[in-house]
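Hi everyone, thanks for making time.

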Amino acid sequence: MRFIRVLLLAIVIVGLSSWGFLVHRTSTQLAVYQLPETMQHFFYDGMDYLVRYSVRPDQRRNGDPSEGPKHFIDIERFGANAATAMPLDWNSAVARYGEDSLKRNGIVPYWVINQKEKLTEAFRSGNRDSILFYATDLAHYIGDANVPLHTTENHDGQLTGQKGMHSLWESAIPEIELASYSLYEAHEATYLKNPEEAIWKAVREANALLPQMFAMEKEVSKDFTDSTKYRYQMRNGRESRSYSSAFARAYAQKLAPGINQQLLKSGHLIADFWYTAWVDAGKPNLDGLLKAPATAQGRSAWAQELISYKTNQLLQNKMLRAREKQESGGGD
Ligand SMILES: [Zn+2]
């Protein structure tokens, strides 16, 4: 039991900086099932890679100072109505705010478009590794754009006496609640006529969830004392405070189905962006890029997974890769 607790804690710590590893990986996997048949074999072939490395951009932050701003946008810093008033494209945004200001306050919606263009180029080039690389990174940034706390300067609740909200919402609660989540919602990858608008819509909708998230934390806190609401532990020789599991559970119940809904939305939008990049590249034939030609066995495994997905049984059937193959969360 103690081991499991330590393990969970490790996952939570590692996943502090964006959707926890579990949710990034899960939403990336779900997106594969939503692709049209013409794309499915290639993406299924690359699914282990896509899922495993969907957290790579977070790992990159440690060694690359330019990486951080690609994961968030502190919208308020761009003005009161920025969520609806900011230019949708990078060049207009630079003209209005300057590049320094944008990079200081986060650029996630613009970076999603940048990565979508890279993926389109990769599809055009027909380079298997490039396609997988950019599809994976793109999935990560789309996931981040759907996390409400990635769209505000109060990103950890630190400005409102609610420090710790970040990992509570995107890591601790999904880790505890995943088995009760629905991992299926009918959606087929859809062509995005205006990808900029699509990613901004996601940012706005995530941002709109914030008032309720903060208010609910205060509401649920009424049923807790300091010693039941928080847990204290030593980290790097210093005592640190985070929300207790009991609080996480109580808070999650009040939010339902908030986090689950954002997870599903992330998956849908990832599928839409992958599909759009492929269409924009001229719908190249991907079957020639498979490592080995699809076998009957491979097709049957895929069919099984698809059924498990559509009946919301991926977890029970041990097909959720985030749970089956990367349990430790941060080792790669
Ligand atoms: Zn991130």
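**Starting in a loop**

Let's begin with N312, which counts as partly exposed because its relative accessible area is 27%; for us, buried is under 20% relative accessible area, exposed is over 50%, and partly exposed is in between, using a 1.4 Å probe and protein chains only. Before I go on, the ground rules: this is a predicted model, where local features need pLDDT of at least 70, side-chain atom pairs count only at pLDDT 80 or more, and totals for chains, interfaces and linings use all residues. Residues are numbered from 1 along each chain as its sequence is written, and side-chain values use heavy atoms, with hydrogens and water left out.

Back to N312: you'll find it in the loop between α17 and α18 (321-324). Helices here are DSSP runs of H or I with at least four residues, strands are E runs of at least two, and both are numbered from the N terminus. N312 isn't a glycine, yet its phi is positive, about 55°. Most residues other than glycine have a negative phi. K283 also has a positive phi, near 50°, and is not a glycine either. That one sits in the loop between α16 (258-280) and α17 (296-310), and with 47% relative accessibility K283 counts as partly exposed.

Okay, on to the metal. Which residues coordinate the zinc ion? They are D58 through OD, H71 through ND1, H140 through NE2 and D144 through OD, at 2.1 to 2.4 Å. A donor is an N, O or S atom within 2.8 Å of the metal (3.2 Å for Na, K and Ca), and since water is not among the atoms, sites may look incomplete. Along the chain, the spacing of the zinc donors reads D-x12-H-x68-H-x3-D. H140 and D144 share helix α10 (residues 128-145), sitting four residues apart, about one turn, and both H140 and D144 are buried.

Why is the arrangement around the zinc ion called irregular? Because the angles subtended by its four donor atoms run from 86 to 174°. To be tetrahedral, four donors need all angles between 85 and 135 degrees; square planar for four, or octahedral for six, needs opposite donors over 155 degrees apart and all others between 65 and 115; anything else is irregular.

Now the aromatics. There are 19 aromatic pairs in the structure, where rings of Phe, Tyr and Trp (its six-membered ring) pair if their centres lie within 6.5 Å, with planes under 30 degrees apart stacked, over 60 edge-to-face and the rest tilted. Y33 and Y309 are a stacked pair, because their ring centres are 4.7 Å apart and their planes are at 20°. With Y33 in helix α2 (residues 21-33) and Y309 in helix α17, the pair ties together parts 276 residues apart in sequence. Both Y33 and Y309 are buried.

F224 and F247, on the other hand, are edge-to-face, because their planes are at 70°, with centres 5.1 Å apart. Both F224 and F247 are buried, and they belong to a cluster that ring pairs build from F224, Y230, Y232, Y243, F247 and Y251.

One last thing on Y230: the charged end of R241 sits over its ring, 3.7 Å from the centre. That label needs NZ of Lys or CZ of Arg within 6 Å of the ring centre and within 35 degrees of the ring normal. The charged end of K70 likewise sits over the ring of W111, 4.3 Å from its centre.
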